[in-house]
Structures are given as C-alpha cells and as structure tokens.
Amino acid sequence: RWVSGDRIVYLGDYVGHGPAVVETIDELLRFRRLVLAQPPFTHLDDVVFLRGSQEEMWSKLLQLQFASEPTRVLDWMFERGVRRTLEAYGGNSSHAYAAARDGSLALSRWTQSILGRMRARAGHSEFHAALKRAAFTENGGLLLVNAGIDPTLPLERQGDRFWWDAGGFASVNAPFAGLGVVVRGSDPARSGLVTGSHTVSLDGGSGLDGELLAVCLSPK
C-alpha cells in the first residue's frame, strides 16, 4: 500500500548480540535496492537507516586507539553485545585485549585489520558510514530516534542521548522542538508497542528472543 511520499525508516541496532550480523546487513542492503528500484520510491532517502547504540559502539571500537583507557572501553562494549559483531567480521576479543595492552600503535594496526575485513563485505563500510543520527518529517509531525532524547536540550545538542538517554524518553509529555510525536526503536524494558500522548515506543525484543515490530505512521 505504498504511495508517493512514503518513507521507510529503520530505528537502529542491526548488529550485536545475535550470530547473523553480516547476513542482517546484507539483507538490509538487498531490501533497500529492491525498494528503490520500484515506484513510488524515487529518492535515495526514501529508505533511512538510523544509528543505534550497537552501531555507535562499533564505530567507537574501530577508533579504539584514541581511547585513554582502551581495556576498560573493551570491557564495557563487550558486556553490551559488541563481541558478536567483532566475531562476525573475523576478529576476536583476545586479540583486541592484546592490542590494548601493547599500546596505541598496536591498536591502530588491529583496528585497521578489522576495518579491512568489514570493507571486504560489499556495501558494509558504506552502510555504517551513512547511518543517520535521527530523522524527522518535514511538516513537524514525527521525530524518529534509536533510544531516547533529553527533552531539556535542543535537537542539535542531543549527541549520545539518542542512544543512551532512554530515561529521558519517558518524560516527553509535550511536542518536542516543534515535533508532535517522538518514535523510538530501543526500549531497555522491551515492552513492545507502547504509545503515549507524544511518544511511540517499538521494541518487542527482536534479536533477543522477542518479536520484530513494524508500524505505519502518519505524520498528521
């Protein structure tokens, strides 16, 4: 039932946790090609991929040589699912820790090796580089994010809150930055479809033995 002006927005967290990381990205890229090859979709941004916390951590992992305490950063990321993404691209945690112990030069070589393996998968490097921080409708109806926002800050100052400030989402009780409804795809409680006066939360625990949710939303 697609019509001209429709958009498809994925809300992030495609990698991490599960074993099918590269297969998932391959499928996202395949679906995007199929959609853009048929009417009414005519613009490259008719299919939008948001950056989730997993993709943000993966980006930071590939810049680990700049971290002041890389071993602690690895501990934190591996506890939150990045290990599976690393393994999917042919890396392993023991090599990561060894490079962290050996210093920034060893870490630079290690991250470059992982980058090379990711680039060997057609379209994967470009996919990660093109992820959006947030999306919104031109008429001010919808703001779409990964996990949350801080309603006390303007949109341009949200920064990492798009991925880590899930608590702020619960306090959205009025239009934010002129946008009537905030939609998120990551909920720590995995509560499924939850709607509020100015919010919609979509997280049925997909990838964690739960269901994948998709909805059709009108900006009006």
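Buried means under 20% relative accessible area, exposed means over 50%, and partly exposed lies in between, with a 1.4 Å probe and protein chains only. The model is predicted: local features need pLDDT of at least 70, side-chain atom pairs count only at pLDDT 80 or more, and totals for chains, interfaces and linings use all residues. Residues are numbered from 1 along each chain as its sequence is written, and side-chain values use heavy atoms, with hydrogens and water left out.

Helices (H or I, at least four residues) and strands (E, at least two) are DSSP runs, numbered from the N terminus. Strand E4 spans residues 142-145 and is covered on both faces. Leu142 and Leu144 are buried on one side. Leu143 and Val145 are buried on the other.

Two strands pair if DSSP finds at least two bridges between them. Strand E3 (residues 135-136) runs antiparallel to E4, with 2 bridges joining them. Phe136 has Leu143 as its bridge partner in E4. E3 and E4 form a hairpin, with 5 residues between them. Gly140 sits in the turn and has a positive phi of about 80 degrees. E4 also pairs with E5; these strands run parallel and share 4 bridges. Here Leu144 stands opposite Val183 in E5.

**Salt bridges**

A salt bridge is a side-chain nitrogen of Lys or Arg within 4 Å of a carboxyl oxygen of Asp or Glu. The structure holds 11 of them.

| Pair | Closest N to O | Relative accessible area |
|---|---|---|
| Arg121 and Asp26 | 2.8 Å | Arg121 32%, Asp26 28% |

Arg121 and Asp26 form a salt bridge at 2.8 Å. This pair links distant parts of the chain, 95 residues apart. Arg121 lies in the loop between helix H6 (104-119) and helix H7 (124-129), while Asp26 belongs to helix H1 (residues 21-36). Arg121 is partly exposed. Asp26 is partly exposed.

**Ser171 in its loop**

Ser171 is in the loop between helix H9 (166-169) and strand E5 (181-184). At 40% relative accessibility, Ser171 is partly exposed. Its side chain reaches the backbone oxygen of Gly168 at 2.7 Å. That is a polar contact: a pair of N or O atoms within 3.5 Å, where within protein one must be able to donate a hydrogen and the other to accept it, and residues adjacent in sequence count only if both atoms are side-chain atoms. Gly148 is 23 residues from Ser171 in sequence, and their C-alpha atoms are 10.0 Å apart.

**A nonpolar patch**

Leu193, Val215 and Leu217 make a nonpolar surface patch of about 240 Å². Patches are made of residues with over 30% relative accessible area and no salt bridge; like charges are joined within 9 Å, and nonpolar side chains (Val, Leu, Ile, Met, Phe, Trp, Tyr) within 5 Å. Accessible areas come from the Shrake-Rupley method with a 1.4 Å probe; for residues, only the protein chains shown count as cover. Leu193 lies in strand E6 (residues 192-195). Leu193 is exposed at 53%.
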